[in-house]
Amino acid sequence: MWPSKKASCFWTAASLVNELLQAQDEHRLHRFIAAALKLDLVLLDELGFIPFSPNGAQVLFTFCSELYERLALILTTNLKFADWVQVFGDERLTAALLDRLTHHAHILELVGESFRFRQRMQEP
């Protein structure tokens, strides 16, 4: 499951939350996070497509807080920061998470037409 050498790991936000919740239920959340801390990079994709349960939001916050300032974290989302509270369901938790995520961040905002849509329109 986890690479023995430093590497990177990719999750969709929903799949990571599901894994975190399962690890929590099995009393191995600490080990899951410790394994993630051995990585150089975590890529979290599609944040915001599926709202989290309160417990899901809390474990994702815990995960991101533990990784904060210890490894590189890349997040992708289509949401503006102001809309994140709809995903996490708690204003204070969302503000605390955004504070950590944006502290040393390089924020890239891509504006324009989806490359998938553009590619589809070019097909015969």
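First, a term for accessibility: buried means under 20% relative accessible area, exposed means over 50%, and partly exposed is in between, with a 1.4 Å probe and protein chains only. The model is a predicted one, with local features needing pLDDT of at least 70 and side-chain atom pairs counting only at pLDDT 80 or more, while totals for chains, interfaces and linings use all residues. Residues are numbered from 1 along each chain as its sequence is written, and side-chain values use heavy atoms, with hydrogens and water left out.

Now the overall picture. Helices (H or I, at least four residues) and strands (E, at least two) are DSSP runs, numbered from the N terminus. On that basis the protein has six helices and three strands. Read from the N terminus, the order is β-α-α-β-α-β-α-α-α. Along the principal axes, the C-alpha atoms fill a box of roughly 50 × 35 × 30 Å. The protein has 124 residues, and 28% of them are buried. For contacts I use heavy atoms within 4.5 Å. Of the contacts with a separation of 6 or more, 80% come from residues 24 or more positions apart.

Next, the sheet. Two strands pair if DSSP finds at least two bridges between them. The three strands form an open sheet in the order 1-2-3, and the pairing is parallel. Strand 1 and strand 3 (72-77) stand at the edges with a single partner strand each, so one side of each has no neighbour in the sheet. From one strand to the next, the twist averages 15°.

Strand 1 covers residues 8-12, with Cys9 and Trp11 on its covered face, and Ser8, Phe10 and Thr12 on the uncovered one. Five bridges pair strand 1 with strand 2 (residues 41-47) in the parallel sense. Within that pairing, Cys9 stands opposite Val42, and Thr12 has Asp45 as its bridge partner. Strand 2 and strand 3 also run parallel, joined by five bridges.

What does Leu41 touch? Leu41 lies in strand 2 and stands opposite Ala72 in strand 3. Leaving out residues up to four places away in sequence, Leu41 touches Ala7, Ser8, Cys9, Leu71, Ala72, Leu73 and Ile74. Leu41 has a relative accessible area of 26%, so it counts as partly exposed.

On to the helices. Two packed helices are described by the angle between their axes and the distance between the axes. Here, axes are lines fitted to C-alpha atoms, for helices over the stretch in contact, and angles run from 0 to 180 degrees between N-to-C directions. Helix 3 (residues 54-67) and helix 5 (residues 91-103) pack with their axes 10 Å apart, at an angle of about 25°. Helix 3 and helix 5 are therefore roughly parallel; angles under 35 degrees count as roughly parallel, over 145 as roughly antiparallel, 65 to 115 as roughly perpendicular and the rest as oblique. The residues that meet are Ala57, Gln58, Phe61, Cys64 and Ser65 in helix 3, and Leu93, Ala96, Leu97, Arg100 and Leu101 in helix 5.

Last, the aromatic rings. Rings of Phe, Tyr and Trp (its six-membered ring) pair if their centres lie within 6.5 Å; planes under 30 degrees apart count as stacked, over 60 as edge-to-face and the rest as tilted. How many aromatic pairs does the structure hold? There are six. In one of them, the rings of Trp11 and Phe63 have centres 5.9 Å apart and planes at 90°, so this pair is edge-to-face. Trp11 is in strand 1 and Phe63 in helix 3, so the pair ties together parts 52 residues apart in sequence. Both Trp11 and Phe63 are buried.

The rings of Phe81 and Trp84 are also edge-to-face, because their planes are at 75°, with the centres 5.5 Å apart. Is Trp84 buried or exposed? Trp84 is buried, at a relative accessible area of 3%, whereas Phe81 is partly exposed at 38%. Phe81 and Trp84 belong to a cluster that ring pairs link together with Phe52 and Phe88.
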